[in-house]
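Please keep the sequence and the model open while reading.

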Amino acid sequence: MKLYPLFADLSRRAVLVVGGGVVAERKAAALLAAGAQVTVGAPELTPRLQRWVRQGRVAHRAGEFSATWLDYAWLAVAATDDRTLNARVAELAGLRRVFVNVVDDAELSSFHVPAVVDRSPLVVAISSGGAAPMLARRVREQLETLLDHSLGPLAQLSARLRKRIRRRHPELAARRRFYTELFTGPVAALLRKGQPEKAAAAAEQALRTVPVEQAGSVVLVGAGPGDAGLLTLRGLRALNEADVILHDRLVSAEVLELARRDAERIEVGKQAGNHHATQDEIHALLLGHARAGRRVVRLKGGDPFVFGRGGEELEFLREHGIPYEVVPGITAALACAAHAGVPLTHRDHAQSVRFVTAHCRESLDTLDWPALAQERQTLAVYMGVAGLDRLQQRLLAHGRVPSTPFALIENGSRANQRVVIGTLADLPERATAHMVRSPALLILGEVAGLAERLAWFGAPPLDEPAPVPSRLRPVQTAQITREPVRRRA
Ligand code: SAH
């Protein structure tokens, strides 16, 4: 069955709905929203339909269905639970050349009602011609997440300006460029930020000025901890619109994979130790690309405002008059806690949580140790693998109990996640024994004791000291491994 797609103007046109139950009510509501003059025909009506009849919003025909109900109708909907009656409505409507939809019966219907994504005045309708309604619904859900709600206001704005845009840019190519800029540039961004007045002003401004050079912009996007499923929809949209992506080393390949194919990708990976040297270069790159009129995405692991130097980058952009947006991401502490089964707060164990970084001796010196050592609070320590022994010594010196549990999460949320658990007393030894590597996050506090019971993702937590790796074993053992390997029969 091949259907002809159609958007019908039903305003002030008569439509008959046969049936008085909840399905009929739903159909009537949608028809009323489109401005139709709805008549409901059924012996009994739902309370809401009755109210609409009393209010004069809907006309009512009581009693048994008769062909005369179809007089003057442009469309009919059969929404009763009586198949025979539905079939009769369909047949009589057909004889009178009235299009009919029989709810949940594609064959009897002469028109179908599609699944809809509504960003009025922009509307996307999806139909599988009745063949696979579940699939159509799924596509609708996917589109629903892809199409931002600001598309409605954007379509309204572009409708309002349409004639003037045509006058201003009589040539098709120029007009197309103007629209592309309108739909993807600062006007669209302002609408997404919920600033319709500013968006309208920016559109007016764009209509007045001759575009010599396209204005660039920067979106600071949090890529989350690695699993692409943890990127936000808004982050995904920014990646789809980017001309250039400046990303950290921590950003996973899986997330980068989602970006626009032809976007230029630049890794500005920073290793611990040479931060200051490269931050200036990053600033220069941001500025250079934005000034060249490109849409730049600055993609950072986790959240850009948690130990990500996002603040400094924004200050720099503001100073240089480059417009920017920020899209938050799931920070490592939240992702690691979730994927290790460690609730960061818990009524019985911890009333507060602190995000701490401890990547070098100086940063350790600036921390408030007496406060950090307090019980019933959780510490989430970023960038701490190298300084675990110093961290342990200071916490113990300030009175945190040696039996305080910890969970050390390496590659949190990724396929190769490892979780090492133990107590503060043996923290550095455990980490060394299991050769924990960056990126790893330490969660220390009473809540970490729950990891063993609540773990659900990846391999179970490692709570034993690791076996000594073979290359470190005594010679004797090494000789044994050198024996000829016996083949299995
Ligand atoms: N802005 C980032 C943090 C950057 S600092 C965020 O919000 O997550 C880098 C540190 O984050 C790493 O040294 C490590 O401690 C932590 N980290 C980032 N991703 C991680 C992951 N997938 N698993 C464990 N720790 C991670």
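Which residue of β17 does Val381 stand opposite? Val381 stands opposite Leu442 in β17. This is a predicted model, in which local features need pLDDT of at least 70 and side-chain atom pairs count only at pLDDT 80 or more, whereas totals for chains, interfaces and linings use all residues. Residues are numbered from 1 along each chain as its sequence is written, and side-chain values use heavy atoms, with hydrogens and water left out.

**Strand β14**
- Strand β14 covers residues 377–382, and six of its six residues are buried, where buried means under 20% relative accessible area, exposed over 50% and partly exposed in between (1.4 Å probe, protein chains only).
- Strands (E, at least two residues) and helices (H or I, at least four) are DSSP runs, numbered from the N terminus.
- β14 pairs with β13 (residues 352–357) in the parallel sense over six bridges, pairing requiring that DSSP finds at least two bridges between two strands.
- Three bridges join β14 to the antiparallel strand β17 (residues 440–444).

**Salt bridges**
- The count comes to 20 salt bridges, each being a side-chain nitrogen of Lys or Arg within 4 Å of a carboxyl oxygen of Asp or Glu.
- Glu325 forms a salt bridge with Arg192, with the closest N and O atoms 3.5 Å apart; Glu325 lies in strand β12 and Arg192 in helix α7, so the pair ties together parts that are 133 residues apart in sequence.
- Glu325 counts as buried at 13% relative accessibility, while Arg192 counts as partly exposed at 23%.
- Asp243, Arg260, Asp262 and Arg295 are linked in a network of salt bridges.
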